[in-house]
Amino acid sequence: MGQLSLENITKEFGDDNETIVAVDDLDIDIADGEFLILVGPSGCGKSTTLRCIAGLEQPTSGDIVLDGTPVTERKPKDRNMAMVFQNYALYPHMTARENMAFGLRMTTDLSNDEIDDRVMEAATLMGIEDLLEKKPGEMSGGQQQRVALGRAIVRDPEVFLMDEPLSNLDAKLRTTMRTELQDLQQDLDVTTIYVTHDQTEAMTMGDRIAILNDGELQQIGTPEECYSEPENKFVAGFIGSPSMNFFDVSLSDGRFVTDDFSVSLSESVRNELAGIDSEFVMGIRPEEILSGEDAVGHEGAFEVDVNVVEPLGDITYIYTEINGTEATISVDRNTDLEAGDRLTVAFPESEIHVFDRTAGDALI
Ligand code: ATP
């Protein structure tokens with residue numbers, strides 16, 4: 001079992017003069033075997049949360065509960081959790097085999113033979129049998145991270161805690177390891193909390209994503225939910241790459257209106273917004289904007305200046321300015337658009353998101 005609950009975890013640093021609230025009243029239930037991604041901008045409290053779960057930091061208040069038992073007061077080694085760090089954190093003077101066996105020797109009374117068997121099993125799973133007699137200095141970054149993962153697996157923990165484990169690897173290796181880690185997590189079926197700031201890892205690896213900002217939980221849900229139904233403007237802008245475009249709009253005669261464009265709203269949207277005494281921000285993702293022939297003749301179509309064309313191989317991004325705000329539009333990779341061209345665009349009403357301009361909450 002590995003059902004983990006964070007119950008109102010708050011972690012403050014500092015003294016009476018200055019206090020930093022790194023984690024602010026975090027309340028999350030993680031199911032046994034779940035793969036949860038913790039994501040958010042630098043300094044939002046991801047690592048501190050993970051370190052509180054591991055027991056490397058003591059929360060200022062709140063409880064970490066594993067399978068119904070509070071473990072907040074337990075030492076890290078007594079929590080049955082294994083942590084994998086970004087910088088591998090292997091002992092440099094030990095071989096891979098010794099690194100993997102070390103934790104078991106310290107925390108269990110397994111015999112040498114049993115430890116050897118467990119190390120071999122984990123080494124086979126990670127495909128690192130050939131590395132067992134090597135020391136970290138004789139291995140590549142990717143190999144060291146495999147050993148670090150092997151060291152976590154060997155302990156057969158109830159929870160894996162991973163702090164940006166792939167971010168020191170080059171892009172290609174990161175892609176391979178991403179899929180491998182996902183497969184491994186599914187095979188082992190061990191509850192995993194995985195910290196990252198990488199969009200692709202967040203969107204593809206986990207069962208659910210928890211998005212943090214300033215220590216506070218902004219939303220928790222499947223990647224699809226967070227992408228298509230962001231609960232606030234922060235999540236809308238953070239999830240998805242390139243980011244959602246935002247425009248300040250006014251509501252007038254059933255339309256969102258700006259100096260540059262207007263969007264006719266359906267009756268249901270009008271009804272939802274009726275009576276809301278607020279200023280609005282309209283959001284639309286670059287990939288949801290119609291352009292070129294798809295936009296011509298569409299309700300509310302208008303023209304923009306193409307400022308920059310960025311071909312990325314499988315897709316091309318157009319950068320422009322709409323209503324005084326920089327905007328990104330995804331277009332077909334075969335486009336022959338150039339900087340200086342004019343492009344017809346349209347915002348399909350069904351794809352727009354609406355937020356309260358002050359609070360940032362999603363309104364539809
Ligand atoms: P990053 O993605 O940059 O690693 P993060 O989301 O993991 O960031 P944390 O490392 O958890 O963020 O830090 C959250 C906040 O707590 C930051 O403002 C950080 O400066 C502060 N903080 C973290 N550890 C300490 C500490 N030991 N003492 C004082 N402040 C700390």
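Predicted model: local features only at pLDDT ≥ 70, side-chain atom pairs only at ≥ 80, totals over all residues.
Good morning. Helices H3 and H4 pack against each other at an angle of about 135°, and their axes lie 9 Å apart. The two helices are therefore oblique to each other. As H3 passes H4, the crossing is right-handed.

Which residues of H3 meet H4? On the H3 side they are Arg118, Val119, Ala122, Ala123, Leu125 and Met126. On the H4 side they are Arg146, Leu149, Gly150, Ile153 and Val154.

The crossing of H2 and H3 is right-handed. From H2, the contact draws on Arg97, Met100, Ala101, Leu104 and Arg105. From H3, it draws on Ile115, Arg118, Val119 and Ala122. Of the residues in the contact of H2 with H3, six are nonpolar, none is polar and three are charged. Please note Arg118, Val119 and Ala122 of H3: they take part in the contact with H2, and they also meet H4.

Let me turn to a single residue, Arg155. It is found in the loop that runs between helix H4, residues 141–154, and strand S7, residues 159–163. Is Arg155 buried, exposed or partly exposed? Arg155 has 19 other C-beta atoms within 10 Å, and is therefore partly exposed; a residue counts as buried at 20 or more. Setting aside neighbours within four places in sequence, Arg155 is in contact with Ala82, Gly103 and Leu104.

I come now to the strands. Strands of a sheet pair through backbone hydrogen bonds, either parallel or antiparallel. In this model, four strands form an open sheet in the order S2-S1-S4-S5, with antiparallel pairing. Which strands stand at the edges? They are S2, residues 19–30, and S5, residues 69–70; each has a single partner strand, so one side of each has no neighbour in the sheet. The antiparallel strands S4, residues 61–66, and S5 are joined by two bridges. Within this pairing, Leu66 stands opposite Thr69 of S5. Helix H1, residues 46–54, packs on the sheet and touches S1, residues 4–14, as well as S2 and S4. The direction of H1 makes about 65° with that of S2.

My last topic is strand S20, residues 342–346. In a regular strand the side chains alternate between the two faces of the sheet. For S20, one face is covered and carries Leu343 and Val345, whereas the other is uncovered and carries Arg342, Thr344 and Ala346.

What are the partners of S20? Strand S15, residues 290–291, pairs with S20 in the antiparallel sense through two bridges. There, Leu290 has Ala346 of S20 as its bridge partner. Strand S16, residues 302–305, also runs antiparallel to S20, and four bridges join them. In that pairing, Asp305 has Arg342 of S20 as its bridge partner. Both Arg342 and Ala346 belong to the uncovered face of S20. Thank you for your attention.

Technical notes: Residues numbered from 1 in each chain as written. Left-handed = near helix turned anticlockwise from the far one by under 90°. Contact = placed C-beta atoms within 7 Å. Nonpolar A, V, L, I, M, F, W, Y, C, P; charged D, E, K, R; others polar. Buried ≥ 20, exposed ≤ 12 C-beta atoms within 10 Å, placed from the backbone. Axes fitted to C-alpha atoms, helices over the stretch in contact; angles between N-to-C directions. Parallel < 35°, antiparallel > 145°, perpendicular 65-115°, else oblique. Pairing = 2+ DSSP bridges.
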